[in-house]
Amino acid sequence: MNVHDSRILTLGDIRIRLLDRLLFAPLNLTIHPGEVVTVMGPSGCGKSTLLNYLCGTLPPAFEAQGSVRLSGRELVDLPVEQRRIGILFQDALLFPHLSVADNLAFGLQAGQSRQTRRLRVETALLDAGLEGLGGRDPATLSAGQRARAALMRTLLAEPEALLLDEPFSKLDTELRARMRTFVFEHARQRRLPTLLVTHDPADADDAGGPVVVLDRPPALSDGNPTAAAADPENPETVPRLAPSGPRRP
Amino acid sequence: MNRETARRGSWSALALNRAPALTLFILLAPIAAGLLGTLLPAFGWLPVVGAADFSLEPWRALWAAPGLGQSLALSLWTGFAATALSLLLALALLATCHHTLWLRRIRQSLAPLLAVPHAALAFGLAFLIAPSGWLARWFSPWATGWERPPDLAGFGPQDPWGLSLILALLLKQTPYLLFMGLSGLSQLPLESWSSVARSLGYGPITTFFKVILPSLYPLLRLPVFAALAFSLTVVDVALIIGPSTPPTLAVQALRWFNGPELTWRLPAAAAAVLLTLLVLIALATWEGMVRLLGRLSRFWVIGGWRGGMGGIARRLALGGGGAVFACATLSMGGLLLWSFAQRWPFPLAWPERWTPDNWIGQSGNLLAMIGTTSIIGVAATALALGLSLACLEHEAHRRPTFAGRSLWLLYLPLLVPQVGFLFGIQVLLVWGGLDGGWPALVWTHVLFVLPYVFLSLADPWRAFDARYEQTALALGASRARAFWRVKLPLLRGPVAVAAALGFSVSVAQYLPTLFAGAGRHATITTEAVTLASGGNRRVIGAFAVVQAALPLLGFAAALWIAKRRT
């Protein structure tokens with residue numbers, strides 16, 4: 001058994017409230033190493049709020065409960081920086097005061113020799129098709145190049161799970177397909193449990209994993225868990241969270 | 001459409017077209033003339049006192065003046081120390097609180113500290129830390145054994161090291177830099193950057209210094225410059241709480257200038273020129289150090305060190321911030337107590353007997369000064385507000401002109417030392433027979449009010465959603481009507497706050513009133529500083545309380561206007 005296989009991301013009975021109103025029906029979900037689970041739903045259904053809760057950046061206006069376990073650790077009481085969850089946003093958010101290579105180096109852990117660090121950054125740049133662009137100002141890169149650099153920065157920090165917050169939505173259609181392939185390949189290769197939040201059905205198709213549709217909970221149904229865990233082995237047991245059912249090709 | 005309106009050449013359109021040029025003229029002409037008026041006497045040309053030959057004699061007299069080196073060193077030390085400490089404390093508070101609810105609490109507690117004039121805080125602090133002051137009284141005699149005020153040479157206000165001066169500047173600069181830092185943070189994608197860095201494993205404080213500060217500092221650069229230039233050249237605070245033998249260079253220059261011997265005006269002008277050069281060199285040195293630090297820190301920034309939660313650092317920063325806040329609050333509280341004290345002998349922590357007599361006795365005097373202060377403040381604020389709005393409207397609706405693009409020059413009055421050009425302005429005013437007149441007085445106040453009013457209005461004005469105005473125009477309103485009936489009412493909050501800020505800046509002015517007023521117009525601030533040498537704590541207390549109350553009333557009115565529904 002591979003050591004990575006203990007990397008399972010488990011969401012247990014997650015409920016998020018805003019002004020005492022439940023955003024979505026209580027959520028249970030298990031994401032296995034290398035699996036990409038897609039969470040879909042109309043805007044405002046709480047998709048991004050769910051990601052905020054998972055990575056520990058929930059705005060104080062929200063109230064939330066439920067367990068988040070990763071590699072056997074309970075994350076809920078940990079600060080963001082100790083969760084070891086990588087996240088990619090709509091914008092690449094490369095830091096403007098650092099060059100592309102320095103942005104990547106920012107992701108590396110301390111305690112490696114300077115040569116090792118440089119080599120790892122060079123390898124990552126090559127991997128992302130950014131060879132020779134390390135010295136550039138991030139603002140001079142194309143949208144696709146920036147997105148790939150952001151993924152590399154996240155991966156160099158050696159996260160144990162990956163959250164994707166609509167990272168493809170600002171790219172044009174052709175670029176989006178290539179970027180999806182690039183991200184999913186890397187996530188699978190590193191056997192990262194990955195949670196993708198999107199409202200684009202094509203994203204979900206490409207991800208190929210289970211799809212969860214978040215929807216408003218039926219009125220007054222607060223407290224009745226209805227979500228089933230996804231079983232990656234059996235595509236028929238996609239969790240049903242909403243009366244409308246999951247979207248499948 | 002825009003150009004058509006402009007071509008129509010109506011009076012208001014013409015005025016709008018000329019607004020940036022007019023504003024720059026109003027600001028820069030006196031500064032340029034003032035610098036020239038300081039430079040000429042510095043090289044021996046001041047016909048009023050019978051000196052009409054250019055020479056280096058004033059400089060020789062300046063070099064030969066006793067204590068010059070000490071004054072110079074004192075100015076540099078207090079200026080750099082006060083600025084560096086305030087910036088450090090402000091950044092520490094931002095670093096430890098940028099991700100917490102403390103940020104909002106800090107924002108809310110800043111307004112009163114920003115409104116209180118420097119001089120009032122300096123009086124209060126002097127009462128607080130004097131050997132016979134409030135602090136000593138709390139611990140006497142039970143802890144210290146002092147039955148009479150101790151004779152501690154070198155401690156308390158006016159200590160020869162300038163420590164009390166540094167503390168007084170710190171009390172005022174920290175809230176200012178914190179305020180500018182908060183407004184800078186609101187222009188950055190703070191939460192996104194913070195989420196990214198922290199999801200990569202970085203602690204909150206490390207995140208601030210490695211990711212946020214490099215983009216925040218450029219937004220803070222001019223405010224930090226202003227704080228440094230102010231600290232190096234401040235006169236009123238240094239008169240109240242700074243060392244006196246020798247004093248800082250700015251105070252020394254003022255002493256020579258106001259001295260009984262008219263010929264000392266020439267070396268005084270040379271000292272003002274020297275101070276101006278000192279500020280330029282100090283700003284360049286500061287910028288050089290910051291850049292060097294930025295370059296040296298690159299290895300640390302990308303070296304991968306994550307940092308921890310910073311619990312201890314947070315407690316230190318909050319402790320420092322709390323101490324500054326407490327010091328300022330106690331200073332103002334002490335002033336209020338003194339103004340109502342009849343007998344308050346030394347070791348007692350509270351006045352023995354209370355009386356309204358201090359106030360009643362001074363009421364005539366106070367009312368007259370409140371009148372003068374308010375007239376100057378309101379006139380200068382109204383002018384500054386009108387010019388700022390015209391410039392911002394010009395920017396929003398006209399093609400940028402050279403003058404329109406040069407509005408950063410508005411910062412100039414905050415960077416050039418007041419002593420440096422106010423000397424010259426007075427020389428010119430006397431020469432033109434305009435000294436002591438209301439127009440000169442209001443104009444010199446506008447120099448310092450305008451930058452703050454403009455800077456505080458610029459952000460809300462630029463962020464205004466132009467579609468509101470377009471909707472009004474589409475509904476058939478004229479451009480003027482769209483401005484007066486839609487844009488101005490929607491932005492009345494920022495306008496009211498800018499006006500209150502401008503008024504508070506005007507109330508706090510000491511040197512401009514002194515020089516342009518030619519001693520004929522005393523404001524609450526000039527009178528309070530004059531009283532400082534007398535040492536009557538009851539009267540000083542009453543004046544300083546009024547000095548602090550005027551701007552606070554202005555801000556209260558602004559808040560009321562901003563919240564009121566029209």
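**A guided reading of chains A and B**

Guide: Let us begin with a sheet in chain A: 5 strands form an open sheet in the order S7-S8-S9-S4-S10, with parallel pairing. This is a predicted model, in which local features need pLDDT of at least 70 and side-chain atom pairs count only at pLDDT 80 or more, while totals for chains, interfaces and linings use all residues. Residues are numbered from 1 along each chain as its sequence is written, with chains lettered from A and ligands numbered from 1 in the order in which they are written.

Visitor: How should I read strand pairing, and which are the edge strands here?

Guide: Strands of a sheet pair through backbone hydrogen bonds, either parallel or antiparallel. Strands are DSSP runs of E of at least two residues, helices are runs of H or I of at least four, and both are numbered from the N terminus. Two strands count as paired if DSSP finds at least two bridges between them. In this sheet the edges are S7 and S10 (211-213) of chain A, each pairing on one side only. From one strand to the next, the twist averages 20°, where axes are lines fitted to C-alpha atoms, for helices over the stretch in contact, and angles run from 0 to 180 degrees between N-to-C directions.

Visitor: How many bridges join S4(A) to S10(A)?

Guide: Strand S4 (residues 36-40) runs parallel to S10(A), with 3 bridges between them. Look for Met40(A), which stands opposite Val213(A) in S10(A).

Visitor: Where can I see antiparallel pairing in chain A?

Guide: Go to strand S1 (residues 9-18) and strand S5 (residues 62-70) of chain A, which pair in the antiparallel sense over 8 bridges. There, Arg15(A) has Gln65(A) of S5(A) as its bridge partner. S5(A) is also joined by 2 bridges to strand S6 (residues 73-74), again antiparallel, and Leu70(A) stands opposite Arg73(A) in S6(A). The hairpin of S5(A) and S6(A) has 2 residues between the strands, and Ser71(A) takes a positive phi near 50° in it.

Visitor: What does chain A contain overall?

Guide: Chain A has 6 helices and 10 strands. Of its 249 residues, 45% count as buried, meaning that 20 or more other C-beta atoms lie within 10 Å of the residue's own; exposed means 12 or fewer, partly exposed lies in between, and C-beta atoms are placed from the backbone.

Visitor: Now the interface: how many residues of each chain are in contact?

Guide: Two residues are in contact if their C-beta atoms, placed from the backbone, lie within 7 Å. By that rule, 24 residues of chain A are in contact with 20 residues of chain B. On the chain A side, the elements giving two or more residues are strand S7 (85-88) and helix H2 (100-107). H2(A) gives the most, with 4 residues. By class, this side has 16 nonpolar, 5 polar and 3 charged residues. Here Ala, Val, Leu, Ile, Met, Phe, Trp, Tyr, Cys and Pro count as nonpolar, Asp, Glu, Lys and Arg as charged, and the others, Gly among them, as polar.

Visitor: Which domains does the assignment give for chain B?

Guide: Domain bounds come from an automatic or database domain assignment. For chain B that assignment gives domain 1 (68-347) and domain 2 (362-398 + 435-566). Their centres, taken over C-alpha atoms, are 25 Å apart, and 21 residues of domain 1 are in contact with 21 residues of domain 2. H6(B) gives the most to the domain 1 side, with 6 residues. The residues of that side divide into 17 nonpolar, 3 polar and 1 charged.

Visitor: Which residues touch the most other members of the largest nonpolar core?

Guide: A nonpolar core is a set of buried Ala, Val, Leu, Ile, Met, Phe, Trp, Tyr and Cys residues joined through C-beta atoms within 7 Å. The largest has 228 residues, and Leu104(A), Phe123(B), Leu125(B) and Ala253(B) touch the most other members. Its largest share, 15 residues, comes from helix H20 (residues 438-463) of chain B.

Visitor: Is Pro512(B) buried or exposed?

Guide: Pro512(B), in helix H24 (residues 511-517) of chain B, is buried because 27 other C-beta atoms lie within 10 Å. Beyond its neighbours within four places in sequence, Pro512(B) is in contact with Gln418(B), Leu422(B), Thr444(B), His445(B) and Phe448(B).
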